[in-house]
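Subject: Structure for your review

Dear colleague,

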Amino acid sequence: MKIQQADKIWRNWSGSQSSAARIYQPSQISELQILVKTHAHIRAVGAGHSFSPLAKTDAVLLNLDQFKGVVVFDQEKTQCTVRAGTRLYDLGKDLAQINQALINQGDIDQQSLAGAISTGTHGTGINLPCISAFVEGFELLTADGELLQCHRQQNADIFQAGRVALGSLGILTKITLQNRPRYKLKEQIRLCPLKEVFAHIDQWKHQHRHIEFWAFLHADQVMLKTLDETDDEIQPRQENWPSEDALLSLCSELTRFIPASNPYLQKLLSVFVKPSCYVDWSSRIFPTPRQTRFNEMEYQLPVDSGLQCLQEVLATLRKQNVPMFFPIEFRYVKGDEIWLSPFYQRDSVSISIHQFYKQDCRAIFDLVEPIFQKYQGRPHWGKLHSMTAASLCDLYPKWDYFMRLRQQLDPQQKWLNPHLQQLFLSE
């Protein structure tokens, strides 16, 4: 069994969460079962791309990077079973070899599959749910070391609950996905007046497979991005110099040191952002390079409240003149039937607030979180938020069902770290 150095400190991608845990990296199911049976408190970690302290623990942290790759696939059903530690960027390559592709994904592909599933990670598209909704089954390692096969016909309640469970029911080891044949997408990015977006987005969201935009505090234009299926010839994304990521990092640093420069920098959007059009296979078009680190808060709002909520968020942050160069991201997600999914029985608008990792994010998040909650927003489980069981239970009709099931599967609270205790047990 491979064990990382005991004095190694685990940190998440942004550096906002860290743990001085004992870190194990098993490579076989039998090793994983032994670890589960012999330790009282355990958390599993994938890529560490969550901003919330989901993986933070001073006990045992299990790294599943050795559990990767496609196990088996069904060409007739366009399904495949994948080991849970597989990173999304590797999964895209693996699926291409069998002429399959994910039906939807987000613009970051660094996460492990299990991490993305467990937190309800999503892309955008009014007719497209989060990635978890495409899960057809999974293998779950329970607190007593038993392996359960879960799908609609077997352990059906665990299947319904476990597709977004924050690692609180056990460890996902294998996941069966519903995919589709490989396809190409055309990406188009342009600047668009904010007023025009507000006037037409309800129409545009039905005209494009994917649509999203980024609104800046001090600019009257937004970056509008659409993705649509196409049979056009591949026109791969070009690397510009300086890259958008490099400009974002530079402007964030300037805003940090000279806050008064922020409005002027944002008004230079037309210099930084040029209209672009690219065509490529979906697994290459979805992800966008993200080297500039940040911390993030994201809430999912009822779809009809999204624009009104965004207006209020923008007005509040402008009034407070916050030193935030990062734009606010606005996306659409179709509802699903997963018990703790932020999209449970509700088509949603997803609004994300980002702050440069070297700047204080809490002051900004404290301003916008009450606005999200005013509109019955549900937090993204992998992003920063301050909600507890007392306020979360009213947002999820299946909350009590989930909690009873979780207690049955883990009566000794093996999988609960302090963060999950706050989410599930606090009054």
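In what follows, the bend at a residue is the angle between two axes, one fitted to the seven residues ending there and the other to the seven starting there. Please keep in mind that this is a predicted model.

With that definition, helix H11 bends by about 25 degrees at Val-368, and a proline, Pro-370, follows within four residues. H11 runs over residues 362-374, 13 residues in all, and its first and last C-alpha are 19 Å apart, which is close to the 18 Å expected at 1.5 Å a residue.

Val-368, where the bend was computed, is also one of the buried residues of H11, together with Ile-364, Phe-365, Glu-369, Ile-371 and Phe-372. An α-helix has 3.6 residues a turn, so residues three or four places apart point the same way. The cover over the buried residues of H11 includes strand E18 (294-302), helix H10 (306-320) and strand E20 (348-356).

The remaining notes concern phi. Most residues other than glycine have a negative phi. Just after H11, however, Gln-376 takes a positive phi of about 60 degrees. Asn-155, which is not a glycine, has a positive phi of about 50 degrees; it lies in the loop between strand E11 (147-151) and helix H4 (156-162), and it is partly exposed, with a relative accessible area of 31%. Gln-345, not a glycine either, has a positive phi of about 50 degrees, and its place is in the loop between strand E19 (328-333) and E20.

Notes. Residues are numbered from 1 along each chain as its sequence is written. This is a predicted model: local features need pLDDT of at least 70, side-chain atom pairs count only at pLDDT 80 or more; totals for chains, interfaces and linings use all residues. Side-chain values use heavy atoms; hydrogens and water are left out. Helices (H or I, at least four residues) and strands (E, at least two) are DSSP runs, numbered from the N terminus. The expected span of a helix is 1.5 Å times one less than its number of residues. Buried means under 20% relative accessible area, exposed over 50%, partly exposed in between (1.4 Å probe, protein chains only). Contact means heavy atoms within 4.5 Å.
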